[in-house]
Amino acid sequence: MPALDKLTCGANKLTNIGQAMNGGSDYTDTADVTINKTCDYPTPVYSCNDLTLTPNYQTRTVKAEVTYTAKDGATYKNTTLVWGDSKQDVITGTTGTHTYAADGTYTVKANMLFTVNGADKAPAANAACSKTVAFSTTTKNPSVKIEKWVEGKKAVEVEVGNNYTYTVKVTNDGEVDLKNVLVSDEPEAGVTLVSANVGTIDGNAWSYVIPSLKVGESKSFTLKAKVMQYVQGTLKNTACVNAPEVNPSEPNKKDDCDTADVTVKKPDVPAPVFSCDALTLTAGTNRTVTAKVDYTAKNGASLKMVTYNWGDGTTPLVTNNTTTTHTYANDGTFSVSLKLLFSANGSDSYAQTNANCVKSVTFTTPTTPTQVLPNTGAGSVIGLFGLVSVLSAIGYRLFMSRRLAE
Ligand SMILES: [Ca+2]
């Protein structure tokens, strides 16, 4: 008795042989037993799924392509392509071509055969495996094209905030009148649509439906747009057209598009202007001088610091005051000069040296006192210093000693 897995599915006839030997004679006898082995077979699956026809209207040729399913014991054998003009071809692959001798409308059928358990089987009928193709010398091809310019060119430079014009031209360059031709224009971010001569602008996208566009006819549209702020690089603006008659099998696919580009002129940033314009010195009492600075700071420049060099060897005064005073210890002629530090565009710069910002002041001691000191109040003494500028070295010492004595 063989093992079960040696048995085939279905009926298995097993023969048992009995043998006896007696002298020169052998005796045999047999007894048969039949074993049915039950196996679970999957149901074979086979179907024709689709037939696609791709016609070439110039050559009156059609390419047919089939798809099918064959599994679980079914295998694809062949397809008879029945071309509809009393011709047919058997293909063992999935594609075939046929050229028709005459114009006409033809129904092409894909008749498949599968091998199932050694027998040829035809799949269930499927309408998708029967298609129609029509050839006519009077077949007209629809076509539409779109062209786009900016300021009459394919690319221009525009200025921030200035309106400029896009032109969109749609032409029926096919052989069929077109209806309800959708034109649309959606610029890249950075370009703002301002207005259009027809159609609507919604969410910065323009669209318009041309009710009718006859063969050879063109329609042009103008859109005003602007760039609100400076952007580096190129801003593309693409306009597209879609006519229902052109490529009807993909109704949402645009039939043609064209692009016009703008670049944005970098705005002129006015250069900061700053200068020291004038130094006014006013000599006061007691060898005191008041210095006043006039300066210019505009286009983003601002005065940061003034350095007063008094010309007497003292440490220059650095301040942000434009008026300040200084008292000289001695008579003499002193050249007062300024250095003005400005802040502009995030950096500091000194104004150029300007002769108007260098001035001299002279303090002299007159040979004749013009005023005699009446009394010895401290204020009077100080007042005398400046007013008179006249005291001799001796007098000066005298006053000092009188001050110190107070
Ligand atoms: Ca279309």
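1. Contact range. In this predicted model, 65% of the chain's contacts between residues at least 6 apart in sequence join residues at least 24 apart.

2. Secondary structure and burial. The chain has 28 strands and 2 helices. Its length is 406 residues, and 20% of them count as buried.

3. Main core. The largest nonpolar core holds 28 residues. Val 168, Val 170, Val 181, Val 183 and Val 241 have the most contacts inside it.

4. Second core. A separate core of 17 residues also exists. Tyr 308, Trp 310, Phe 334 and Leu 338 are among its members.

5. Val 168. Leave out residues up to four places away in sequence, and Val 168 touches Ile 146, Lys 148, Val 183, Asp 185, Ser 220, Phe 221, Leu 223 and Ala 239. One of these partners, Val 183, is also listed with Val 168 among the core residues with the most contacts.

6. Asp 256. This residue sits in strand β20. Asp 256 counts as partly exposed because it has 18 C-beta neighbours inside 10 Å, while a buried residue needs 20 or more.

7. Partners of Asp 256. Beyond four places in sequence, Asp 256 is in contact with Val 144, Lys 145, Ile 146, Cys 240 and Val 241. Ile 146 is a contact of Val 168 too. The C-alpha atoms of Asp 256 and Ser 143 are separated by 9.3 Å, with the two residues 113 residues apart along the chain.

Note on methods:
Residues numbered from 1 in each chain as written. Predicted model: local features only at pLDDT ≥ 70, side-chain atom pairs only at ≥ 80, totals over all residues. Helix = DSSP H or I, 4+ residues; strand = E, 2+ residues; numbered from the N terminus. Buried ≥ 20, exposed ≤ 12 C-beta atoms within 10 Å, placed from the backbone. Contact = placed C-beta atoms within 7 Å. Core = buried A, V, L, I, M, F, W, Y, C linked by C-beta atoms within 7 Å.
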